[in-house]
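Dear colleague,

My notes on it follow directly after.

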Amino acid sequence: MEHSFWHERWNEDRTAFHQADVDALLLLCFDKLSLNKGDRIFVPLCGKTLDLAWLSAQGCRLVGIELSRKAIEQAFVDMGIEPEISQQGKLTLFQSDGIDLFVGDVFDLTADALGQVDAIYDRAALVALPHEMRIDYAPHMAKITGSARQLLLTFVYDQAEMDGPPFAVDGDGVDALYGAWYRRKLGASKPITGSLAERCTGTESAWLLEPLGQSS
């Protein structure tokens, strides 16, 4: 989607997609990632999600990227942290101890700039992208993260009920996008709730994506 779409949503505070609580499926499935204290988790299109502070409280180091500078600034305000800000090529990096949040286009993020990634938590990135962008996004993510294990959240609903985002992506769709790098396992699912439930009915699923060649 055009960058202007998301900038307008953030600038006009039309952010119904921002959750007022830590994501329920993250709470249910986080332990399945088998992370150790100090491991680094990547949150693409992170916005100002409260999940960032929760992950930090679990002992994770954080790295994220978001198109909206306003969202990243607010994320640090919410966490009560004053970041250092630097320019990294096309991206702007907001940084403090154990937290690195980039502002810019995820497709401009390289493996070198991203650094070590022990796991990916994709709660709002894949489903924010239309199909023609998802087919580029999935291999890009595998490339820049070294196919790190993922906790991927998706929605399944009748796309005729509403236009995305978030877009509907079922298990077969996940396999079509990520099957070259990962095997998929269902972590948990629940009915769609919150403001999205006012627009459609369906389920939200948390998929554990384990890199091929590694034991599940």
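Predicted model: local features only at pLDDT ≥ 70, side-chain atom pairs only at ≥ 80, totals over all residues.

Residues are numbered from 1 along each chain as its sequence is written, and side-chain values use heavy atoms, with hydrogens and water left out.

Overall make-up

The chain has seven helices and nine strands, taken as DSSP runs (H or I, at least four residues, for helices; E, at least two, for strands) and numbered from the N terminus. Of its 216 residues, 49% are buried; buried means under 20% relative accessible area, exposed over 50%, and partly exposed in between (1.4 Å probe, protein chains only). Of the contacts (heavy atoms within 4.5 Å) between residues at least 6 apart in sequence, 68% join residues at least 24 apart.

Nonpolar cores

A nonpolar core is here a set of buried Ala, Val, Leu, Ile, Met, Phe, Trp, Tyr and Cys residues joined through side-chain atoms within 4.5 Å. The largest has 28 residues, and those touching the most other members are Phe30, Ile41, Leu55, Leu101, Tyr121 and Leu151. Elements that each supply at least two residues of this core include helices H2 (24–29), H3 (51–57) and H4 (69–79), as well as strands E1 (40–44), E5 (99–103) and E7 (149–157). Beyond its neighbours within four places in sequence, Ile41 contacts, among others, Leu33, Leu55, Leu62, Val63 and Tyr121. A second, separate core of 27 residues includes Leu109, Ala125, Ala138 and Ile144.

Helix H6

Helix H6 (residues 131–145) has 15 residues and should span 21 Å at 1.5 Å a residue, which agrees with the 21 Å between its end C-alpha atoms; the expected span is 1.5 Å times one less than the number of residues. Its buried residues include Arg134, Tyr137, Ala138, Met141 and Ile144. The buried residues of H6 pack against E1, H5 (111–114), E6, H7 (171–178) and E8 (182–191). Just after H6, Gly146 adopts a positive phi of about 65°.

Asp100

Asp100 lies in strand E5 and is buried, at 13% relative accessible area. Its side chain makes a polar contact with that of Arg40 (3.0 Å). Such a contact is a pair of N or O atoms within 3.5 Å; within protein, one must be able to donate a hydrogen and the other to accept it, and residues adjacent in sequence count only if both atoms are side-chain atoms.

Salt bridges

There are six salt bridges, each a side-chain nitrogen of Lys or Arg within 4 Å of a carboxyl oxygen of Asp or Glu. One of them joins Arg123 and Asp51 (3.3 Å, N to O). This pair links the loop between E6 and H6, which holds Arg123, to helix H3, which holds Asp51, 72 residues apart. Both Arg123 and Asp51 are buried. Lys190 and Glu204 also form a salt bridge (3.2 Å, N to O), with Lys190 in strand E8 and Glu204 in strand E9, 14 residues apart. Lys190 and Glu204 are likewise buried.

Yours sincerely
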